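Here's a quick briefing to read with the model open beside you.

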2 protein chains.
Amino acid sequence: MRREGTWNGGPGTPRRGPADQATVRRSNLALVLRHLREHGARSRSAVAAETGLNKTTVTSLASELLARGLIKETGPQHAGAVGRPGLALTLDGSGVGALGLEVNVDYIAAFATDLAGRVLLDWRISFNAMNSTPERSLDELARAIKQAVDELALLGVRVAGITVAVPGLIDTTTGTVDVAPNLGWYGVPVANVLERADVSRDVPVTIDNDANLAALAEFTSGVAAGTPDLVYLTGEVGIGGGIIAGGRLLGGADGFAGEVGHVPVDPSGDRCGCGRIGCWETKVGLAVLVRMVTPDNAYGTHDGVVRDPEERLAEIEARQAAGDPHVSEAVAEVGRWLGRGAATLVNLFNPRVIVLGGYFARLADQLIPVAQAELERWGVAGSIARCSFVASDFGFCAASRGAAGIVVERVLSDPTTVDVRASVMPSSESTEGRADPVSHRVKPPR
Amino acid sequence: MRREGTWNGGPGTPRRGPADQATVRRSNLALVLRHLREHGARSRSAVAAETGLNKTTVTSLASELLARGLIKETGPQHAGAVGRPGLALTLDGSGVGALGLEVNVDYIAAFATDLAGRVLLDWRISFNAMNSTPERSLDELARAIKQAVDELALLGVRVAGITVAVPGLIDTTTGTVDVAPNLGWYGVPVANVLERADVSRDVPVTIDNDANLAALAEFTSGVAAGTPDLVYLTGEVGIGGGIIAGGRLLGGADGFAGEVGHVPVDPSGDRCGCGRIGCWETKVGLAVLVRMVTPDNAYGTHDGVVRDPEERLAEIEARQAAGDPHVSEAVAEVGRWLGRGAATLVNLFNPRVIVLGGYFARLADQLIPVAQAELERWGVAGSIARCSFVASDFGFCAASRGAAGIVVERVLSDPTTVDVRASVMPSSESTEGRADPVSHRVKPPR
C-alpha cells in the first residue's frame, strides 16, 4: 500500500498505533485547530467545554498553536460571560501558505491558499514537456516553485508544504513518478525538486496523481461538492480519472486506480503514447482534437511556439466561428467517444456525476449533449442509474487546487508540521485592507 | 442511495440517528453477541469488564440473548474465580440458520450456516431460466426455499433470514430485480417470493447482486481473504464483478457498481444478451465457450435436457481428453479476452488480486497463464501494479455462501431480528453426535 492513510481522503480514518504523549498532543492540537476552523471564534473555556478537553490543556494547546502562527487572539468575547472576559481564539493561518503545483504536457500551474482557504495565487505558465527532457522539466518546475514561494513571501506568507500534481502513476512514498507517458517520464524522482530551487529545503514536498487531486478538489468544493460517488475526468493531452466512491478517494492497492486514459476502447484504433492500441485518450485527448481540427499544427512538433491549452482552444473556437465545418464534426466525434468510454465507467463505478475538467469543460456545451446520449446508449445501467455529465468550473487549475488542499489537510491533521518561529509577516493583521492578492493570470511562454 | 449502510460491508460504519432506548439496547445486544463470538466463552463478569458495560446490564442482555436462542450457558468457569462460579456464556446460534440462495441461468444454489458459521446446507439444482418465464422461475425459487427450510427444520434449525443472489441490477430497498438480462428478468419483485413458498412469511428476505455477495464471501473467507483491494469475477453464462476497494464493497450511487460483463471490449464483436455489441461477456461467458466447443449444443435451445454448468464443463473436458483440437484453442481464446478485459479492471481499480469464480475456476490451469500474460500486455500499470489471477475454491456456491454470510452479519448487528420463541429444537445440545449435516450434492434436473 503506497498511499497509506492519506488516500482515504478524510478525517474519518482512525490512526492506529501506540498513543504516546507526542501522538496525543498532536491529535489534541489538531482537534482544537479543526474545532476553531469549523465553529469560528470562541473562548478557551468554550473550546474546553465543547471538545471535552480540560481547560488547562486547552490553554497549553492554544499557546502552541499561537506560537506556530495557526491561530490568533481577537477582541474579548462578551456573550454571556461573567467576570473578566477572555480573548477569543480564532483560526489565523493567514501567514501559513499551502502551495499546489501541476506539471502537465503544455503548462505548469500554481495555486496557493492560506490555511483558511483564501486564494493567494492562481497562475499558469506555458511549457513544452514533449520537447523537454525530464531534467529540463524539473528545472522548469523548480523555477515555478521559486517564483511562487517568492510571491507568497511578498504577501507575508511562508509555505507550510508543497504538493506537485503529475499526470501519471506515482510512488507517493518516495515521491517518484513511475510512469507519466505523456510527459515522457519514467522513474523520475520529483520529491527532491527543491534541491534545484533556491528556496528552503525544509518545506515538505509530496507528489500525487493529478486526477486524484482534482477529484478531491471537486468533491470538497467544486460543482459536485459532497456527491459521494463521482468521477472526475481531466481533459488534457492525456485523460486521467479520479474516482470518489462512497465519499472516499479510490486508491487501489498501489494508488494507481482511475487510470481511465488507457482503457482500451478500440482494438483497431490508433497507437497511444503508452505504446498500446486504441486507448481512450487516443479518442478524446486534446492532442487528437487538435490534430483533427488543425492537422498542420500537431502536438510535440518543434514549431518554436509553445501553446497553452487555452490558446489552442481559442484557435479552435475561432476556426469554428469562421465556419470551418471540420470543427463541429471533430468535437462531436470526441463527444461520442467520451460517452462510450464513460459507459464503461458508469458500468463499473455507478457514479451519480461525471465532472468534466480541463478542455472538456471549455467545450462542454457541445460535448455534453452528444456524450450523454451515447452514455445512455452504451451503459447497461443507463436507463436506471442516473448519471450526468457536468462541467467543472475550476478550469485548468483543479489539480493544483486539490494539491494545495492536501497541504491544508496535512497541516490541520498535524499542526506540528508548521514550525514555531517568527512569521515572515510583521503582524498577522497586516493583510487587512490589502488588495486581493489573487492573480488569475496566464504567463506568456518563455 | 439504495444500498444504505449494509453496502459499506462492515461494522466500521457508525449508525447515525437518535440514540433512543431501543437503539441503545439493540446496539448493546450486538456488542455482547459479537464479543462472545470473537473471544469465546466467558462469564457475565468478564463480559462486563471487557466491554465496559455494567454487570446488571450484561445480565439483562444475556437473558434476552438466551431467550432468542443466540447464546447458551456452559459449564462453570473456574479460571481465577473466587466464590460461587457463574455459568459461562457462549455463542450458540446452532438453532438459528442463515439461508442464502442464488438464482442463475442454469441452476439454483442453496447454502446455509448456523450463526457460528457451521455449514448446514450446500446444494445446487439444475434449472433453465432461458426456457422459463419469471413467474415459473420464481415458483422454482420458492420450491427451493421450501426445501431448504424443511431440511433445516429437520436439523432443528429455524431460519433467521434469507438472502437471494441474482445476476443483475437490484433495487435492494424494494427487493426488486430491475434488470437481469441473462435471466430475462426486468422489474421482477423477488422479495415477496415467500408468498409462493409454503413457509412462514415472517422470515425477512433480501435480494442482492450475485457478484457482490460472492466478493464479500471471498473477502471474508476465500482464497484472497483479507486482501483489501480485490475483484471477484463470476464465471457463468453472464460475467459479473464484485469489487472490494480499500476493504469495502464498492456499491456506487445505486448499488450497481461492478457491472463488468457489459463493458464494451470489441465494437465489431457479437451482439450481447443485453442488446449491445461486443460486451465482455460475449467473449468470456460460459455460453460462448460452449458454443465454440460444441456448436451443436447452444444455450437456451429446447433440447429437453437442462445441463448444470458442471455437466457442461465435464463434457468439454471429455472432448479435450479425447483429443478435440477445438477445445484448447477455444479455452485459450477465452483466456486472452479474460486478460484483455481484466486490464481495464486493473487500470481502473488497481486490485492486488482478481479472484476467478464459477467456470473460470474450474478451467483455471488453462486460463490463468494466458490471461496473466495478456493482462500484463494491456494494463498500463501492468509492469508496476502487481495483480494476480487466482482461482476461487468456492465453486459455484460463492454467491449463495456470501448471501448466507449477509444474513449472519444482519443477526449479529441486530439480534432482535431473531424472535424470542421456543426453538424448533427440543434442546440446543441435541445436534451433538449427529452426522455432519452438510450435503455437497447436486440434484438431478427435474
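Predicted model: local features only at pLDDT ≥ 70, side-chain atom pairs only at ≥ 80, totals over all residues.

Two strands count as paired if DSSP finds at least two bridges between them. Keep that in mind for the sheet in chain B, where L356(B) has A391(B) of β15(B) as its bridge partner.

- Five strands line up as an open sheet in chain B, in the order β13-β12-β11-β14-β15, and the pairing is mixed.
- The edges belong to β13 (248-249) and β15 (388-391) of chain B; each has a single partner strand, so one side of each is left without a neighbour in the sheet.
- How do β14 and β15 of chain B pair, parallel or antiparallel? Strand β14 (residues 353-356) of chain B and β15(B) run in the parallel sense, with four bridges between them.

**How the two copies are related**

**Size of the interface**

- How many residues are in contact between the chains? On chain A there are 45, touching 46 on chain B.
- Interface size is often quoted as the accessible area lost when the parts come together.
- Here, about 3700 Å² is buried between chain A and chain B, and carbon and sulfur atoms give 62% of that area.

- Two salt bridges turn up across the interface of chain A and chain B.
- In one salt bridge, the side chain of D254(B) meets that of R352(A), at 3.0 Å from N to O.

**What chain A brings to it**

- β8 (176-180), α9 (325-349) and α11 (364-378) of chain A are the elements that give two or more residues to the side touching chain B.
- α9(A) has the largest share of that side, with six residues.
- By type, the chain A residues on the side that touches chain B split into 23 nonpolar, 10 polar and 12 charged.

Conventions:
Residues numbered from 1 in each chain as written. Chains lettered and ligands numbered in written order. Heavy atoms only, no water. Contact = heavy atoms within 4.5 Å. Buried area = accessible area lost by both parts, 1.4 Å probe. Salt bridge = Lys/Arg side-chain N within 4 Å of Asp/Glu carboxyl O. Nonpolar A, V, L, I, M, F, W, Y, C, P; charged D, E, K, R; others polar.
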